[in-house]
Amino acid sequence: MSTYQWPYPNELNTIEHVSCDVLVLGGGLSGCFAAIAARKQGLDVAIVEKGAIEKSGSAGTGFDHWESACTNPCSKVTPEEIAYAYIDEQSHFSNGIFHYITCREGYDRLLDIERMGGKIRDTEDDFQGARFRDEDTKLMFAYDYQNRFTLRVWGTTFKPALYRELKRLGVKIYEHVEATALLKENKHGAGAIGMQIHTGKLYVFQAKATVLAMSRPARVWLFNADQPGLCEFRPFQSIGSGHAMGWRSGLELTMMEKSVRAEFSAAGRSFPPYGTGNNHNTWYAATMVDARGVEIPYVDRDGNELTDYYARYYPSQGQKFFLKGGVIDEPKYAYRGPETLPFDELIKRGYQLPFYADLSRMPELERKVIWGMMVGQEAKTNIPIYHYYQTRGFDPTQHRLQSYGNGWQSASFLDQERQFFGAPGGLMHDWDLKTNIDGIYACGDALFGSDCAGSACATGHYAGRKAASYAKTVLMPGLSSEAIDKEKQRLYAPLEHENGLNWKELNMAISKAMQNYCGASKCDALLLEGKRLLKEYEKIIVPQLSCVNPHELMRTHEVLDILTVSQLVIEACLARRTSVKALNFERTDVHSDAPQQHIVISQQDGMIHTREVDLDYYGDLKENYEKHNADDRGESNGI
Ligand SMILES: Cc1cc2nc3c(=O)[nH]c(=O)nc-3n(C[C@H](O)[C@H](O)[C@H](O)COP(=O)(O)OP(=O)(O)OC[C@H]3O[C@@H](n4cnc5c(N)ncnc54)[C@H](O)[C@@H]3O)c2cc1C
């Protein structure tokens with residue numbers, strides 16, 4: 001350890017044993033709901049979170065809209081319509097189970113959160129009379145004002161409410177503990193190992209069922225050592241630990257070959273998300289203008305220019321509904337037209353750079369709901385954008401906000417600068433959200449094809465109750481002391497070297513390797529070279545890693561997980577033999593129109609296993625949901 005005074009006690013080599021019925025790894029939206037649902041079945045539940053649950057995870061700083069609330073009293077769509085629309089929109093490289101659970105149960109979770117103290121209605125009547133508000137329920141809607149299935153919510157209030165609920169229910173809470181490895185007895189999940197990130201103490205969690213809720217990979221292609229906290233869209237501490245420890249334990253993953261050209265962040269490359277002039281997501285449907293102040297018109301699905309301002313929020317003639325929001329990259333159902341075209345196309349049409357969002361031209365309540373409600377509630381916008389811009393004099397009734405990059409983005413990225421974004425790959429599962437290992441479940445952004453807050457809450461609750469039902473049927477598994485010793489050695493190894501390489505250097509090396517050898521265009525020659533290089537890092541750089549305190553040790557563990565994830569991504573790319581547009585997967589060396597399936601990938605003792613699974617393996621959504629949830633449909637039934 002270093003010579004300067006570390007403010008926490010040194011608990012290295014101390015091991016605390018904890019046993020519980022259900023263990024939840026990750027205390028974001030999905031993990032909190034998993035723990036709450038399992039606890040409500042009367043079980044002994046523990047939740048392990050690397051940060052502080054009240055503010056951790058993607059939604060810790062808030063979020064502004066809740067998708068697919070198909071069962072809310074104002075909705076004019078069915079869960080089946082929206083779930084299948086997403087599946088079609090993603091060309092069936094999509095997670096039907098995940099979407100259907102969201103559409104079926106999402107609104108119930110919102111009611112749960114409201115009872116816990118979260119804000120989901122305009123109770124102060126700030127938006128009385130607005131077209132997006134229902135006067136009876138005071139619910140507020142976004143995007144499609146006719147069909148009313150996306151709600152505007154006060155997401156900053158949700159995590160504190162969930163945290164209070166965990167405490168009220170008596171869930172055992174382990175904060176500032178990173179989960180590092182899964183434990184198994186024979187072929188069953190048996191719990192996990194974790195490390196206290198301030199003191200270095202180890203935890204052995206023994207559990208009948210374990211739920212993985214640690215989000216998705218990041219910093220695989222994007223890393224900047226000077227501004228590491230700004231590298232990615234999702235929070236810094238979420239780097240796909242669940243994927244990495246799952247891979248090491250033989251869990252199956254799918255769609256891991258999918259990545260998209262980066263859209264946000266990358267440390268100083270872009271302006272903050274939602275902090276520039278755009279009309280996407282939080283900023284839908286901001287009025288966009290060019291340098292001369294000429295308005296860039298919205299058009300409908302059929303290419304008709306919209307002259308009535310409010311037509312932006314209604315489906316076009318003959319269109320039942322439209323999807324528009326955070327998870328859609330190329331929405332088939334959304335309004336398309338000049339406002340979604342890249343800058344160069346708009347310039348060809350005579351518009352002049354720079355472009356701006358001009359809220360001053362919008363109806364007052366539409367402006368107010370973007371600037372002040374959405375910008376402010378959306379994660380990461382409250383302080384850096386809403387608060388700072390206003391303190392520096394930004395007034396949305398007078399000022400325009402400039403757009404940058406290509407399209408309405410905050411920067412333009414190179415093709416090889418990639419991200420897990422827009423329903424990326426993740427853990428494979430069945431209708432119980434169970435992985436291929438008995439006793440291990442997954443939820444939220446950890447699932448393949450996942451994306452949003454409502455889904456995280458809905459799948460978290462669902463996985464929690466399925467894990468609880470399973471835990472009631474099994475005895476407490478035994479633990480292997482050999483596995484615990486091996487993990488202890490792996491975790492502490494970087495403390496044994498002085499003046500070695502640090503985690504930032506390895507992260508930088510990995511992201512360069514991934515940009516060079518697993519960028520936008522793929523072929524075996526490049527991928528195999530990437531695989532060789534990462535193996536070399538494992539053999540040569542990893543043994544040289546060093547750190548000086550438990551915090552740095554945790555950062556080092558994260559990059560070791562990033563290395564595992566990168567290796568797994570390359571294996572997934574090697575396994576997919578032909579290009580697939582829906583996965584943004586382009587091979588330059590093999591061309592074929594063969595029908596495509598999911599490639600499910602896992603490893604056992606270093607041997608890679610793959611199997612093909614039908615894209616629609618979940619079958620009829622409604623029928624299968626009913627079959628698997630005959631006893632408990634997850635209705636909100638009070639606390
Ligand atoms: C800027 C931003 C804006 C967004 N806006 C919206 C929106 O408006 N609407 C919407 O629907 N969705 C939105 N999303 C997406 C939504 O927030 C996420 O899909 C959702 O919160 C995912 O929940 P989760 O529980 O799966 O993951 P998270 O909430 O990210 O939670 C994962 C948790 O696991 C913890 N963790 C990670 N690794 C470990 C480990 N090894 N050990 C222990 N704990 C660990 C993390 O600290 C974190 O608390 C937004 C996301 C971002 C980043």
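Analyst: An oxygen atom of the ligand lies 2.7 Å from a polar backbone atom of D451. The model is a predicted one, and the distances given here are computed from it. A polar backbone atom of A453 is 2.8 Å from an oxygen atom of the ligand, and for a polar backbone atom of L29 the distance to a ligand oxygen is 3.3 Å. D451 also belongs to the group that comes nearest to the ligand: out of 34 residues around the ligand, this group consists of S30, E49, H65, D445 and D451.

Domain 1 is made of three stretches, 15-117, 153-262 and 422-471, while domain 2 covers 281-402 and domain 3 covers 481-596. Between the centres of domain 1 and domain 2, taken over C-alpha atoms, the distance is 31 Å. Domain 1 puts 27 residues into the contact, and domain 2 puts in 22 residues. Together the two domains bury about 1900 Å², with 54% of that on carbon and sulfur atoms.

As for polar links, eleven residue pairs are in polar contact between domain 1 and domain 2, counting pairs with both residues at pLDDT 80 or more. On the side of domain 1 that touches domain 2, helix α2 (residues 79-89) gives the most, with six residues. That side of domain 1 holds ten nonpolar, eight polar and nine charged residues. One salt bridge is found across the interface of domain 1 and domain 2. The side chains of K320 and E81 form a salt bridge, with 2.9 Å from N to O.

Key: Residues are numbered from 1 along each chain as its sequence is written. This is a predicted model: local features need pLDDT of at least 70, side-chain atom pairs count only at pLDDT 80 or more; totals for chains, interfaces and linings use all residues. Side-chain values use heavy atoms; hydrogens and water are left out. Domain bounds come from an automatic or database domain assignment. Contact means heavy atoms within 4.5 Å. Buried area is the accessible area (1.4 Å probe) that two parts lose on being put together, summed over both. A salt bridge is a side-chain nitrogen of Lys or Arg within 4 Å of a carboxyl oxygen of Asp or Glu. A polar contact is a pair of N or O atoms within 3.5 Å; within protein, one must be able to donate a hydrogen and the other to accept it, and residues adjacent in sequence count only if both atoms are side-chain atoms. Helices (H or I, at least four residues) and strands (E, at least two) are DSSP runs, numbered from the N terminus. Ala, Val, Leu, Ile, Met, Phe, Trp, Tyr, Cys and Pro count as nonpolar, Asp, Glu, Lys and Arg as charged, and the others, Gly among them, as polar. A residue is near a molecule or strand if one of its heavy atoms lies within 4 Å of it.
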